[in-house]
Structures are given as C-alpha cells and as structure tokens.
Amino acid sequence: MYVAPTRRGVAARTASAATAVAALLLTTAASGAAASPTVPSGIRTVSSGWTNPWGVNWLADGTALINERDTLKVFKVTPAGARTEVTAEPPIAVPGSGDTLLGIALSPHWGQDHQIFVYHQAKDGNRIARMMFDGSRLTGYTPLVTGIEKGLHNGGRIKFGPDGYLYATTGDADTPGSAQDRNSLNGKILRMTKEGKPAPGNPFGTLVYSYGHRNPEGIDWDDQGNLWETEIGEDTHDELNLVQAGGNYGWPSCEGVCSTAGMTDPKRMWYPVKGVPSGLVHVDGALYVAALRGRRLWRVPVDGTSLGTPVAYYVGGFGRLRDVVKVPGRQALWVTTDKAGPGKDRVLQVDLG
C-alpha cells in the first residue's frame with residue numbers, strides 16, 4: 001500500500017541533495033543584471049473587473065479569449081481591453097456547483113474547423129471536452145477525456161504543441177501515489193489527438209506523455225521545440241522542468257532534486273515564497289513564469305536545454321500572477337492576476353524592449 005510522505009520526510013530526502021539544491025535555487029536578481037535583446041520595460045492595466053481569470057488565448061483577428069475559473073464565463077477581449085461575454089449552449093459546467101473552468105485551447109486550424117477545447121471540473125471529476133466556436137457562441141459540447149480525478153491539485157493547462165497535438169497537465173488530485181501510476185491520468189502530462197485519443201508516438205501507447213508530476217500548471221515550447229513545464233511542489237521546492245517523452249519527474253518520491261535512479265531532476269527550482277509558478281511562455285530566448293505566492297514575473301534565459309540566471313520583475317506589485325502569454329505581432333505580454341477578490345483582478349500588459 002502506498003503511504004503518503006510526510007512533509008518532514010520529503011524535506012529529509014531532498015536534504016540529501018543539498019549541494020545540488022543550492023546550485024539550482026533561484027534568487028531575485030537586480031533588473032539591471034539581465035542581458036537580453038528583450039526584457040520587460042513597462043507595465044500597465046489593459047482590463048479590470050475580473051474574477052479569477054485563468055487562461056488567455058488569441059484569435060486570428062487579434063482579440064483574446066479569456067475565461068474566469070469560478071464563474072465559468074468566457075469573454076472576447078479587444079487589444080484595448082473591451083470585453084464581450086461568449087455564450088455557451090449548453091453551459092460548459094454548472095455555475096454555483098463548485099465546478100471550475102481551467103484551460104482553454106483553440107484548434108490550430110480554428111479558422112477552418114471552429115473547434116475549441118476546454119479543461120474543466122465537473123461533478124464526476126476533471127475532464128477535457130471539445131466545443132464549436134463561431135466567434136460569439138460555444139456549442140456542441142462533446143466530452144473527450146473523462147476519469148481525471150479532481151482535488152486541490154488539478155493542473156488544468158491545455159495547449160496545442162508544434163506537432164499539432166493537444167497537451168494537458170493534470171495534478172495528482174491530492175493522492176500522491178497516482179503520479180507514479182502510469183495507468184492513472186493524474187499527475188501527468190497528457191498528449192492527444194483532437195478526438196481525445198493517444199497521439200501517435202506516445203511512449204506507453206496511452207494518453208500519458210510524462211509522469212511523476214504533483215501539480216503542473218504551465219507548459220510551452222521554445223524555438224527548438226523543447227517542452228518546458230512549471231510545477232507547484234509541496235513544502236520545499238517548486239520546479240521548472242524540461243519535459244521529455246516517457247520521463248519520470250519524481251513526485252512523490254522527490255520534491256526538487258533527488259538521487260533516485262530513473263527520475264529526472266528539474267532544471268530550476270524556487271522556494272515557495274518566491275514561486276508557486278503557474279503560467280509559462282517562451283519569448284525571444286527566455287521563459288516567462290507567472291508566480292502565484294511569489295507575486296512576481298520571472299524571466300529565465302534559455303540556451304538550448306540550459307537555463308541562465310533568472311530575474312524577477314514586479315515583486316509584490318500586482319499580487320498573485322496566474323497566466324502569461326505573448327501578444328501576437330507585438331513585443332508585449334499579457335499577464336493575469338489571481339484571487340485579488342471578486343471583480344478586482346486585472347489583465348496587465350508588459351511591454352518588452
């Protein structure tokens with residue numbers, strides 16, 4: 001029988017790798033220390049009046065789709081910040097029931113197939129579904145993947161990769177052992193077709209692409225096609241991982257660096273007070289990470305599969321940060337705040353220069 005590790009037990013195991021941990025822990029560097037062609041040069045509010053905005057996607061006409069986690073609402077938002085609610089028939093989930101709406105992803109060929117994908121919490125667990133989106137309405141709700149257990153650790157980010165397949169992050173749903181169970185959909189990164197079937201080339205012939213994750217909340221690809229992932233740890237370390245097919249990322253045996261054979265160490269780590277990372281995007285040779293508890297935007301240079309010195313921006317200035325995305329055709333990011341209070345969250349624009 002699996003026995004969940006105590007918090008002290010996890011810390012004890014990671015202490016055995018103290019030297020490696022010390023080499024990887026992130027510190028807040030001075031902004032002037034970053035050397036890059038593009039770094040954050042200014043920040044302003046684009047849109048206000050939000051309640052837990054969770055994800056941002058872009059349409060071909062330059063407007064954004066932004067969803068709220070708890071209200072289950074989806075909005076179209078202009079570059080100037082004006083928003084219009086998108087109706088869903090039937091509703092994606094049940095308002096007021098405890099259901100939540102996490103990730104949303106548009107088909108790479110949305111202009112032709114009008115498909116949109118959602119990751120949401122329902123009465124029977126988390127699920128991934130497909131809908132049709134005509135630019136103003138969501139219709140034709142079709143469940144694709146069910147049986148993802150729900151809890152406090154839900155993951156929930158979905159994105160299409162450069163290979164055209166849909167990737168989804170799932171949390172361990174507060175049952176740590178599920179992350180090591182390759183027959184479970186929890187504690188994983190999943191990779192699938194637009195019909196919700198295992199994508200060709202998946203390492204185990206199932207939906208599972210990688211495993212051993214606790215609560216992965218951000219994924220993106222760099223210019224070389226490498227998949228990066230942010231992960232919320234338990235007590236000692238949050239992680240930034242380079243994800244490879246079939247990789248085991250250690251949870252719950254390891255939190256952060258460990259010496260267990262067959263388990264992959266993170267490329268960078270945070271103490272929770274500086275981390276609890278969520279959204280992730282790669283732009284111009286750097287990874288930008290939105291931090292929840294850390295209340296900052298991290299910029300981490302990327303050189304192949306190696307990472308440079310991280311730099312923290314806006315520390316404590318805008319509260320918890322949930323998602324970060326590149327603005328199409330502009331040297332700018334949009335960043336959403338998180339849990340500022342009903343109607344008090346914002347969408348921020350970070351200019352890069």
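Trp228 is placed in strand 15 (residues 227-231); helices (H or I, at least four residues) and strands (E, at least two) are DSSP runs, numbered from the N terminus. The model is predicted: local features need pLDDT of at least 70, side-chain atom pairs count only at pLDDT 80 or more, and totals for chains, interfaces and linings use all residues. Residues are numbered from 1 along each chain as its sequence is written, and side-chain values use heavy atoms, with hydrogens and water left out.

Trp228 has a relative accessible area of 0% and is therefore buried, where buried means under 20%, exposed over 50% and partly exposed in between (1.4 Å probe, protein chains only). The C-alpha atoms of Trp228 and Asn241 are separated by 5.6 Å, although these residues are 13 residues apart along the chain.

Strand 12 (residues 188-192) pairs with strand 13 in the antiparallel sense over three bridges. Leu190 has Val208 in strand 13 as its bridge partner.

Aromatic rings also link parts of the chain. The whole structure contains ten aromatic pairs. Rings of Phe, Tyr and Trp (its six-membered ring) pair if their centres lie within 6.5 Å; planes under 30 degrees apart count as stacked, over 60 as edge-to-face and the rest as tilted. Trp58 and Trp334 form a tilted pair, 4.8 Å centre to centre with 55° between the planes. Trp58 lies in strand 2 (residues 53-58) and Trp334 in strand 24 (residues 332-337), so this pair ties together parts that are 276 residues apart in sequence. Trp58 is buried, with a relative accessible area of 18%, and Trp334 is buried as well, at 1%.

The ring centres of Tyr167 and Tyr209 are 5.5 Å apart and the planes stand at 80°, so this pair is edge-to-face. Tyr167 is in strand 11 (residues 166-170) and Tyr209 in strand 13, 42 residues apart. Both Tyr167 and Tyr209 are buried. Ring pairs join Tyr167, Tyr209 and Trp221 into a cluster.

The structure holds one disulfide, defined as a pair of cysteine sulfur atoms within 2.5 Å. Cys254 and Cys258 form this disulfide, with their sulfur atoms 1.9 Å apart. The torsion about their S-S bond is about 75°, so the disulfide is right-handed. Both Cys254 and Cys258 are buried.

Notes:
Pairing = 2+ DSSP bridges.
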